[in-house]
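Trainee: Could you walk me through this one before I start on it?
Mentor: Gladly; have a look at it first.

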Amino acid sequence: MKSKSKKYIIAITTCIVFTLTLISVVSGRPFRLGRLPDKGESFGCGTCHENPKGGGKRNDFGEDWRNIAMKSGDRYVDELAKLDSDKDGYTNDKEFAANTHPGDPKSKPEGINDPIAEVIAKGKALFNDTKLGTTGTSCNSCHPNGETTGGQMMDMKIPTLKGAAATFPKFKESAKRVITLSMMNNMCISMIMEGKSLKLDSEEMVALTTYVTSLSNNEKIKVGDGK
Ligand code: HEC
Ligand code: HEC
């Protein structure tokens with residue numbers, strides 16, 4: 001009797017383990033769909049697997065998922081978002097934003113192939129953003145569309161920024177040194193708008209400087225010109 005019930009328990013246990021394994025193989029791991037930024041709406045199981053029905057071989061994104069996401073509780077973490085799993089020039093985040101496939105290099109976003117245009121647009125948005133300072137003004141309040149209100153600030157004339165970038169780097173009396181355009185932008189942010197200086201190599205400053213520089217397109221460079 002004792003050994004019989006032991007056998008019985010083993011049989012049941014085996015059965016349960018087998019069923020669970022079967023369920024997990026047959027149903028796959030559908031929970032992962034819900035972990036994707038688009039909930040798997042664009043490519044389903046095929047977001048990570050070569051077979052669109054799931055299971056089996058994984059594509060490059062699926063492999064990165066296994067190596068990175070699974071270490072963080074099966075989550076789409078920042079590190080994975082910033083990777084370009086299929087090496088087509090677009091990060092996984094950009095691919096999800098454009099509904100293109102993060103694991104297929106032949107599928108990539110159209111229309112944002114011009115990184116300069118993208119950064120200039122971002123810089124222009126910052127130029128109009130009062131959040132850079134604490135005085136309720138944006139760059140655009142004094143330099144409307146990159147030009148000048150014609151007004152004055154303290155005892156300084158507000159200059160137009162058309163052509164300004166072509167005169168940098170230059171000596172600034174108020175800084176008592178030669179400064180770059182980005183440092184000048186920071187002077188307006190910190191001294192005039194009473195905001196926090198941006199890190200010179202931050203995405204924001206690169207965007208702002210790219211926009212301000214674009215206002216000098218086709219100008220001849222005259223380093224140090226003007227005050
Ligand atoms: C976010 C990425 C991702 C999605 C979406 C995804 N899987 Fe997977 N899948 C994996 C990873 C990584 C593994 C390997 C690790 C594991 O076994 O859990 C895997 C393993 C599997 C396995 C196990 C054995 C094997 O064949 O390698 C099956 C079955 C499976 N997935 C089915 C599916 C099905 C069905 C779907 C859609 C409902 C799906 N998966 C969606 C990433 C994904
Ligand atoms: C409240 C008005 C005001 C605001 C807001 C302002 N500026 Fe200025 N800006 C000035 C004044 C005044 C000068 C001249 C300062 C000087 O010569 O030292 C100037 C100078 C500059 C110059 C140098 C131009 C040249 O030819 O040397 C640049 C570049 C510039 N601003 C960019 C910006 C940017 C970018 C912002 C927003 C982050 C901004 N400014 C916000 C008033 C402003």
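**Contacts, then a helix pair**

Mentor: Among contacts in the chain (heavy atoms within 4.5 Å) between residues at least 6 apart in sequence, 41% join residues at least 24 apart. This is a predicted model, in which local features need pLDDT of at least 70 and side-chain atom pairs count only at pLDDT 80 or more, while totals for chains, interfaces and linings use all residues. Residues are numbered from 1 along each chain as its sequence is written, chains are lettered from A and ligands numbered from 1 in the order in which they are written, and side-chain values use heavy atoms, leaving out hydrogens and water.

Trainee: What does the secondary structure of the chain come to?
Mentor: There are eight helices and four strands, taken as DSSP runs numbered from the N terminus (helices H or I, at least four residues; strands E, at least two), and their order from the N terminus is α-α-α-α-α-α-β-β-β-β-α-α.

Trainee: At what angle do α7 and α8 pack?
Mentor: Helix α7 (residues 181-192) and helix α8 (residues 203-214) pack at about 105 degrees, with their axes 10 Å apart, the axes being lines fitted to C-alpha atoms over the stretch in contact and the angles running from 0 to 180 degrees between N-to-C directions. The two are therefore roughly perpendicular, a label that covers 65 to 115 degrees.

Trainee: And N185, is that buried or exposed?
Mentor: N185 is buried, with a relative accessible area of 11%, where buried means under 20% with a 1.4 Å probe, protein chains only.

Trainee: Which residues does N185 touch?
Mentor: Leaving aside residues up to four places away in sequence, N185 touches M205, L208, T209 and V212.

Methods: Angles under 35 degrees count as roughly parallel, over 145 as roughly antiparallel, 65 to 115 as roughly perpendicular and the rest as oblique. Buried means under 20% relative accessible area, exposed over 50%, partly exposed in between (1.4 Å probe, protein chains only).
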